[in-house]
Amino acid sequence: MTDLSAFPPQMVLLDCETTGGRASRDRLTEIALIEVKDGKVVDRWETLLNPKCTIPPWITRLTGITNPMVAEAPCFEDIAEELFERLQGKVLVAHNARFDYSFLKQSFQRFGLAISNKTLCSVKLSRKLYPQYRRHGLDRIIERLAISVDARHRAMADTEVILAFMQRISEQFEVDVISSICQQLLKRPSLPSHINQSQIDALPLAAGIYRFFDAEDGLLYIGKSVNIRDRVLSHFGQDHKSAKELDISNQLHRIEFEQTPSDFGAQLLENTEIKRFSPRFNRRQTKTKKLYQLALSENAQGYHQLETVVAEMTEIDAITHRYGLFRSRKQAEKKVLEIIEEHHLCQKLCGVEKRQKGACFGFQLKKCRGACCDKEAPTSYNLRLQLALQQIKNQQWPWPGPILVEEHPINDDWEQVHFHLLDQWCYLGRVRDNTDCLQKLSVHQNQPALFDLDAYKILLRFLLNPSRQKHHRLAIKPISLEQLEHAL
């Protein structure tokens with residue numbers, strides 16, 4: 001048998017079969033190990049595992065592992081301690097090692113054990129040593145090496161393929177070449193199988209956004225950071241506690257980035273692109289077409305009444321003169337209940353209780369001071385209501401018209417200045433020159449931009465905070481159409 005001494009001296013080649021693709025949800029059904037010590041195979045070990053859940057039919061069709069086959073098999077906790085001892089101090093080698101390692105780590109964590117093995121991915125070995133080939137999946141390697149496999153997608157059969165592949169590498173390449181590549185891969189952060197280190201090296205240590213794409217150039221995810229490279233690498237942790245991170249890693253084939261002068265531009269650009277392109281895994285910051293607010297009116301007796309209304313998304317003045325901004329009616333009503341409870345307001349006047357006559361239920365519980373039954377004067381009640389609403393009062397636009405925000409780079413290695421056009425808390429985009437600015441303002445006047453809650457929150461954080469403005473080197477310049485030709 002071919003000597004494997006060019007590889008790490010203590011290795012465990014392994015493969016796991018599972019009930020699905022998510023380590024946080026799915027479970028192991030089979031595991032196989034081939035232990036290699038000082039270049040020689042010293043042991044083989046395999047077992048089926050009872051996942052304590054039903055194996056989906058499509059998994060059975062793929063692996064051949066059925067529910068009756070695992071019914072009498074040990075559970076993971078039955079073999080956890082033995083397996084833990086077998087893996088201790090070993091480099092784990094697998095094809096798409098991130099997948100197998102994530103299942104092992106999650107399984108051990110449920111049992112109360114923690115593993116922290118280094119991993120060596122045979123996909124990455126293949127990409128490094130055989131760059132002339134486009135695909136490096138296990139089926140492609142089986143085809144290239146003409147390996148005979150009787151039970152593809154069974155754990156030991158697939159582990160034997162990895163062993164045969166490493167033997168072929170040892171026959172075709174010098175020891176120093178193999179050893180050097182292994183050391184490189186073991187020192188670097190674990191990267192998804194289809195991502196080269198060169199793609200990571202190209203990422204700047206500066207502010208901006210990054211975009212993840214799949215094999216068909218479908219947009220998976222858009223993120224932002226003050227340090228793009230570090231943030232991208234943070235997605236590739238080996239524990240995969242987040243099913244989303246594992247899904248992204250499995251599908252990721254290409255990374256793009258766009259640098260910005262500071263975090264201000266990065267946040268605005270990320271928000272704008274997520275709303276525009278709806279990446280597959282950006283679920284939290286999707287485009288909001290409807291917002292809710294609290295509006296005041298006055299009844300015939302002079303008491304102010306509170307009502308939950310739909311925000312007029314193009315009437316920014318109306319938005320800023322009402323109270324709160326909520327993504328759902330339920331969220332708005334929850335806030336009303338909190339205000340009632342905290343300030344002893346009337347449930348009827350706040351629109352919670354619909355009865356027409358008599359005192360509200362809160363008055364009977366001594367939680368309302370009696371505005372609903374003339375026990376509290378309108379002036380007193382209205383003042384208390386106004387004070388209660390101050391905590392959710394929306395910020396008025398503090399400038400007489402549109403403004404330009406100059407964003408100067410905080411990184412000395414980058415010299416580009418970005419100009420951002422804003423009006424009435426609406427982000428109208430970056431502008432290149434006077435003509436571009438005039439065109440965007442003209443479009444906005446004829447067809448006002450929709451109010452965006454996420455952009456509003458970003459602008460509040462930066463534009464009303466002098467210390468943050470200074471730190472991010474932002475300069476605010478009010479403009480008018482008459483002054484436009486001198487604005488840039």
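This is a predicted model: local features need pLDDT of at least 70, side-chain atom pairs count only at pLDDT 80 or more; totals for chains, interfaces and linings use all residues.
Close-up 1. Because six of the six residues of β6 (residues 208-213) are buried, the strand is largely enclosed by the rest of the structure.

**Close-up 2. Strand pairing of β6 with β7 and β8.** β6 pairs with strand β7 (residues 219-225) in the antiparallel sense, over six bridges. Within this pairing, Lys224 of β7 is the bridge partner of Ile209. A hairpin is formed by β6 and β7, with five residues between them, and Asp217 in the turn has a positive phi of about 65°. β6 is also joined by six bridges to strand β8 (residues 254-259), and the two run antiparallel. Here Gln259 of β8 stands opposite Gly208.

**Close-up 3. The largest pocket, with about 1200 Å³ of space.** Its lining comprises 36 residues, and His95, Asn96, Gly137, Leu138 and His194 lie nearest the centre. Elements that give two or more residues to this lining include β1 (10-18), α4 (97-111) and α6 (138-145). By class, the lining of the largest pocket holds 17 polar, ten charged and nine nonpolar residues.

**Close-up 4. The second largest pocket, with a volume of about 1000 Å³.** Of the 34 residues lining the second largest pocket, Thr272, Tyr427, Leu428, Gly429 and Ala449 are the closest to its centre. At least two lining residues each come from α12 (263-277), β13 (418-423), β14 (426-431) and α17 (434-446); α12 gives the most, with eight residues. The lining of the second largest pocket divides into 15 nonpolar, nine polar and ten charged residues.

Terms used
Residues are numbered from 1 along each chain as its sequence is written. Side-chain values use heavy atoms; hydrogens and water are left out. On a 1 Å grid over the protein atoms alone, a cavity is a set of points where a 1.4 Å probe fits but cannot get out, and a pocket is an open set with protein on both sides within 12 Å along at least five of seven lines; lining residues have an atom within 4 Å of a point. Grid points are joined across faces, edges and corners, and a volume is the space filled by probe spheres set on the points. Helices (H or I, at least four residues) and strands (E, at least two) are DSSP runs, numbered from the N terminus. Ala, Val, Leu, Ile, Met, Phe, Trp, Tyr, Cys and Pro count as nonpolar, Asp, Glu, Lys and Arg as charged, and the others, Gly among them, as polar. Buried means under 20% relative accessible area, exposed over 50%, partly exposed in between (1.4 Å probe, protein chains only). Two strands pair if DSSP finds at least two bridges between them.
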